[in-house]
2 protein chains.
Amino acid sequence: MGRVCIIPWCRVESFDTQKVPGNSRAMIRVLLAEDQAMVLGALSALLGLESDIEVVGAAADGETAWRDVQRLKPDVLVTDIEMPSLTGLELAQRIQRHEMTTKVVIVTTFARPGFLRRALDAGVAGYLLKDAPAENLAEALRKVHRGGRSIDPQLALDAWSEADPLNDRERQVLRLAGEGRSAGEIAGQLNLSQGTVRNYLSEAIGKLGVGNRIEAFRLARQKGWL
Amino acid sequence: MGRVCIIPWCRVESFDTQKVPGNSRAMIRVLLAEDQAMVLGALSALLGLESDIEVVGAAADGETAWRDVQRLKPDVLVTDIEMPSLTGLELAQRIQRHEMTTKVVIVTTFARPGFLRRALDAGVAGYLLKDAPAENLAEALRKVHRGGRSIDPQLALDAWSEADPLNDRERQVLRLAGEGRSAGEIAGQLNLSQGTVRNYLSEAIGKLGVGNRIEAFRLARQKGWL
DNA sequence: CATCGCTGGTGACAAGCGTCATTCGCCGGA
DNA sequence: TCCGGCGAATGACGCTTGTCACCAGCGATG
């Protein structure tokens, strides 16, 4: 199995991954997927410090990650969500559909309950935030490799407790308000009266427990409700 | 220049003979500032593999980074831009104003011309994108430490396009307004009068040629002027 | 048929927003 | 010394927002 290192100055063209110097133990074979090259390299370095983890590949976009998953059959895929050509969530779905043994751990910036929910539906075994301490990653990989799950606890709570309180109209109106449209403009665009638009906005503001449309928009977007 | 391959599964062992544990050599003392803990840890691991670089500290927000800069007086500060309490750009400004010898290298996701421009005004020596290959970082640090500069070339071109029309106050006010603060709240926070805040907002709205604070905020942020 | 509940609308009111003309103090340059 | 410019404040004006109480149609459900 020939493999090319994707990091340019790393000029090794291929080598044997099965055989690990001095250690035939339960080495966890990990594939990384992350579109920001520098973060990708850094994560690779980070995991490389762990004696029981072996980074067998690193992909910078969704499609190559998918090919690498099929080719390398890693124990664990560590992936970002936002990537070109194929998101981490779609990647997880494919792995689920193909009934592969590769576990998926999402590592992302976005603490949006909506994302977590979709990730769980796609059968991911881990969901970490980039805000979390770096040690958590290796720990999570071990847990997942043992068959466990590792979900950001704070986020897990949010995903259960908080359902989207907004209805369709409120979402529409809030989206436009967030772009700076006035009540009148929104009314024109949705074929409503100006007063009705203000009522919906007021409703949304009340439901979200904030003070104005801007905060309402920010909160709703942050929660993944828009 | 001896270099160690940073990618762990790339098992090239290139030894650096320069480096001695006693280190009388040009060890580059680096402070990291990055709000995403996992990325911070990963970058730390990445740079830790370089034989001529020593990571002397790692801060997760702007204020602690600033304290660490004063305390540790590192050769180079590697900082993200978007951080709580103090952005990387403000950090660079402070270092410039205090005429410290610490060089600043910005490492960010944002390829916004305005950011680069303000970074250059603040006298930073390097501006890298997280999209860039990981080995660029260490390379840039060395170049900067030798007194050189390392600016993302593509971005450097764009920077000459559009100038930021906003002044300091307008930026501050707009940032807070974008978070949903009212004129009164902003006034309290900046020790201004409510009327003055509205004047600044009006100015900003006019300069940007938009219709209200929300549009002004969105436009300014998109251009990298905040 | 009565009666909910839902979607949308009205009108009124206070508070906040955006604009403008004007003022004041202060600093730096001519 | 005077003058211009800048940062900040003021007050006034009209428009927009956020809130609330209330009303009208309309489809279900009893």
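## Two helices at an angle

Helix 9 of chain A and helix 10 of chain A are therefore oblique to each other, oblique being the class left over when angles under 35 degrees count as roughly parallel, over 145 as roughly antiparallel and 65 to 115 as roughly perpendicular. In this predicted model, helix 9 (residues 194-208) and helix 10 (residues 213-223) of chain A pack at an angle of about 60°, with their axes 9 Å apart.

The contact (heavy atoms within 4.5 Å) is made by A:Leu201, A:Ile205 and A:Leu208 of helix 9 of chain A, and by A:Arg213, A:Ala216, A:Leu219 and A:Ala220 of helix 10 of chain A. By class, these are six nonpolar, no polar and one charged residues.

## The surface near DNA strand C

Around DNA strand C there are 15 residues, of which A:Thr196, A:Tyr200, B:Arg198, B:Ser202 and B:Arg213 come nearest; a residue is near the strand if one of its heavy atoms lies within 4 Å of it. These residues of the surface divide into four nonpolar, eight polar and three charged.

A phosphate oxygen of DNA strand C lies 2.6 Å from a side-chain N or O atom of A:Thr196, and for B:Ser202 the corresponding distance is 2.8 Å. Helix 9 of chain A and helix 9 (194-208) of chain B are the elements that give two or more residues to this surface.

## Basis of the values

Residues are numbered from 1 along each chain as its sequence is written, and chains are lettered from A in the order in which they are written. Local features need pLDDT of at least 70, and side-chain atom pairs count only at pLDDT 80 or more, while totals for chains, interfaces and linings use all residues, and side-chain values use heavy atoms, leaving out hydrogens and water.

Conventions: Axes are lines fitted to C-alpha atoms, for helices over the stretch in contact, and angles run from 0 to 180 degrees between N-to-C directions. Helices (H or I, at least four residues) and strands (E, at least two) are DSSP runs, numbered from the N terminus. Ala, Val, Leu, Ile, Met, Phe, Trp, Tyr, Cys and Pro count as nonpolar, Asp, Glu, Lys and Arg as charged, and the others, Gly among them, as polar. A polar contact is a pair of N or O atoms within 3.5 Å; within protein, one must be able to donate a hydrogen and the other to accept it, and residues adjacent in sequence count only if both atoms are side-chain atoms.
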